[in-house]
Amino acid sequence: MKKNSFVLLLSFLSVIGVFAQQTVKGKVVNSETEKAIANVVISVVGTTISEKTILNGSFELKNVPIGNQIIKIQLSGFEAQQFPIKISNKQIDLGKVLLFKDLQEEEDLSTISLSDDELDDDAGGADNISGLLFSSRNLFSRTAAFEFSSSFFRVRGLDSDNATVTINGIEMNKIYNGRPQWSNWGGLNDVLRNQELTEGINASSYTFGGILGATNINARASEARVGGRLTYSSSNRSYTNRVMASYASGLNSEGWAFTVSIGRRWGQEGYLDASSYNASSLFASVEKKINDKHSINLTSIFASNKRGKSSPNTQEVFDLKDRKYNEFWGYQNGKRRNSRIKEVEEPVLMLNHYWTMSEKTSLNTNVAYQTGKIGNSRIDNNGNTLADDGLSYFGGGANPSPTYYQLLPSYLLRDFPDNTSIAYGAQQQFLADGQIDWDSLYDANLSNTANGLNATYALYEDRVDDTQITFNTIFNTELNDNILLDAGVTYKNLKSENFAQVIDLLGGTGYLDVDGFAENIDEGQNDLLNPNRIVGKGDKFKYNYEVLAEITSAFTQVQFKYNKVDFFLAGSVTNTQYQRDGLYKNGGFSNNSFGKSKKLTFTGIGAKGGLTYKITGNHLLNVNGAYITKAPSIRNTFSNSRENNAIVGDKNGLDITEEKILSTDISYILRSPKLTGKITGYYTKIQDATEISFFFADGIGGDNTAFVQEVLQGIDKLHIGTELALEYQITTAIKLKGVASLGQYTYANNPNLTLTTEPDTDALAAGFDEGFKDFGQSNLKNYKLAGGPQTAYSVGFEYRDPNFWWFGATANFFSDTYIDVSPLIRSSNFTTDFDGITFNDYDEDLARELLKQERFDDYMVVNLVGGKSWKINNKFIGFFASINNLLDKDFRTGGFEQARNANYRQLRDDKALDTQVFGSRYWKGRGATYFLNVYLRF
């Protein structure tokens, strides 16, 4: 068909118009649907002349030099076309130009689909941005998505909340943390492959975006690839099996189009022990074209994902076991049962109205409704029974974690140095088993039941049930041949229900809803309005509150396009409101937990612009800059939202405020027939950020212990670096490619650190005032930010045979990956004794060594990919296979310091041991893994 279209195109070259001189015009359509395609880049090779097709697919290149020229036609997701033509003094009409889908996307979509579970991982250091980039045809972005993602590499060291993801123009980032919830549309690759990516600070037609860019997923039924597709995949990474089926009808003569898809992914265990996977996906989109100007599209997305989580481990545990070890599971009735299950089920329903007001103007109005749940399970060992006098309670059980520090050899060697047999016995027991003993939990609860006591252990989940309504409208118009205007308004309303829910009493008959660590029975009540309540399966307990949020935003953007210069200017304004509504009256915070908090209001503004100067058609300069202020996320606004209405900064006078971001980059772009490349330098400064952490700490105000909420406020971060991507086409079949990312991401100041905890006598002894203590500055300036390697290189090649088989290999090098440091250990608490005076044995040189940030070892990962496709009549059959980490390299992807040793003496003594009791915890990358994908497209 491609050869026929080329002949057809050449025949059009003989059609000479009688209008303007030295112009070339035409219309670009999809080869399968013959539907017009907008935003296709049409350029004259070797010149600065370039245009994009408008809504009806048409284009017109003006002032094309007389003589032999090459017209290049390209759009992400399609094969680039180049056509030689001869320009005379008359206009040339190319007529209808067909664009063909790029078959290379088959392997891309298959590869990235394995990562949607990791993209949503709520573990530290696992905020993976590869999902934002896989639709890009930019070499650097593609390499970051497919080669660097296994190391949790972050482009420019930034989190995914700095990018915006939209579906049919509706923003999908979660209000809670600002990040996309990838599992909401996981397993629907075939019907969500139609994507438009705006990278970095560049202009987007759908949204203002963030400093990492914006991705719009087009789920319109009329614009889906016509036909059906069946896919089967096998892997040993996240899941072991995947099946998908999809079909798109295209627009029929009655003006109707529909797209449907169904998918299933499952596995008893992925690469890591007991990492079970169970996911189902359904998609349906129906569009009615009312007339040439109006269309209505209804889209529904259901994606349920349930998977077993894996644990970060200390080096002691890894040495005793291996990198696949996972502490969260144990055998029950001969089967592996994981105690930490994450379940996501948040279906989306959206209605879209498309109004083509003219050939150059459109209005897209949308409304979306999303509801559902996110649950994270865990074991509670705090079960108690009310005493006969009704004035106290008793109970509580041993920590069920097999890696609890008192069960490991390091602790036993420290506390029983003269009897090493105790540590040896623990070591042998851990080597022989080292998993959760489910039977012992059931035995304890059954024994309690026989003696008239409540359950000691229960399996519960932390639930977030969100209901959100989003409305927006997007206006796009071409004011003239050189100026485009985009504008949009968005309103979002969220009701977020947060609670703990019992899911299994593990053989018990009831669970007492109190805090067993509280000092008295009143403070121990999780809800004073329902004291000493016995809960069962399905009941809410521990905490129960709602967060109400409203966000209203607007943006406008103007793009200017000329022969030598393209530039744009954009602005945005956002109003954000949060309010917590406590449904329980917590005994530890009886005056500040029940009812509504004060309403918080934030105003965010954004301004950005960019300029591209076309030195020649092969050499370009691009400069972009942005200044953005944005509201803190819900997660970082309430210091202890599960128990009270306290707001960050309320007690220390440092009111929580908007986060400020200043970002700029400059790029040189080379486009020659064989060599293409891009080098970019960037600078980003983030100010007034807030971060909240929760942990159990020893050594607070001397030798005191407490479960604390650590609030780090007024954080400044600096991200600077260089990106390089080069691609050389040796022959039509062989291509060499190289990518480098050299960054330096650091804390740029010493932010303020406060701790909050329950206001009991232990807190008073540690120097807390009503459960609050301000430690002043945390000395973090110039420490490296954690979150993947700051330096990464990739070199590789591709071979693409004309007979539609291909093979590729890459070697990827990673360095400058750092541990996530503890802010508390770098505060005044580290140096001072209970009396507020510096420890009398404090050694500054030793302290400096103790506080030195750990840098992980450099490593190299080799990946292989290959595939083959066949066309049989009008059907395509193909397969794709990859092997990641071919050499089975053992490497760390992230980790964090434990803050259990919060002062100088404790950390000094712990690090002096042969094996630390409270060493850092790490995540490790997968060893050698495979992925195989087979598909039939018809």
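In the predicted model, Gln-744 is located in strand E38, which spans residues 734-747. With a relative accessible area of 40%, Gln-744 is classed as partly exposed. Beyond its neighbours within four places in sequence, Gln-744 makes contacts with Leu-718, His-719, Ile-720, Lys-784 and Gln-790. The C-alpha atom of Gln-744 is separated by 8.2 Å from that of Thr-791, a residue 47 positions away along the chain.

Side chains of opposite charge can pair when their charged atoms come close. A total of 43 salt bridges was identified in the model. One of these joins Lys-174 to Asp-466, with the closest N and O atoms 3.4 Å apart. This pair connects distant parts of the chain, 292 residues apart: Lys-174 occupies the loop between strand E9 (170-171) and strand E10 (195-199), whereas Asp-466 belongs to strand E26 (residues 458-478). Both Lys-174 and Asp-466 are buried.

Strand E26 also contributes Asp-462, whose side chain meets that of Arg-642 in a salt bridge with an N to O distance of 3.7 Å. Arg-642 lies in the loop between strand E34 (619-630) and strand E35 (659-671), so the pair ties together parts that are 180 residues apart in sequence. Asp-462 counts as buried because its relative accessibility of 12% falls under 20%, while Arg-642, at 41%, is partly exposed.

A further salt bridge is formed between Asp-415 and Arg-414, the closest N and O atoms being 2.9 Å apart. Asp-415 is partly exposed at 35% relative accessible area, and Arg-414 is likewise partly exposed at 36%.

Terms used: Residues are numbered from 1 along each chain as its sequence is written. This is a predicted model: local features need pLDDT of at least 70, side-chain atom pairs count only at pLDDT 80 or more; totals for chains, interfaces and linings use all residues. Side-chain values use heavy atoms; hydrogens and water are left out. Helices (H or I, at least four residues) and strands (E, at least two) are DSSP runs, numbered from the N terminus. Buried means under 20% relative accessible area, exposed over 50%, partly exposed in between (1.4 Å probe, protein chains only). Contact means heavy atoms within 4.5 Å. A salt bridge is a side-chain nitrogen of Lys or Arg within 4 Å of a carboxyl oxygen of Asp or Glu.
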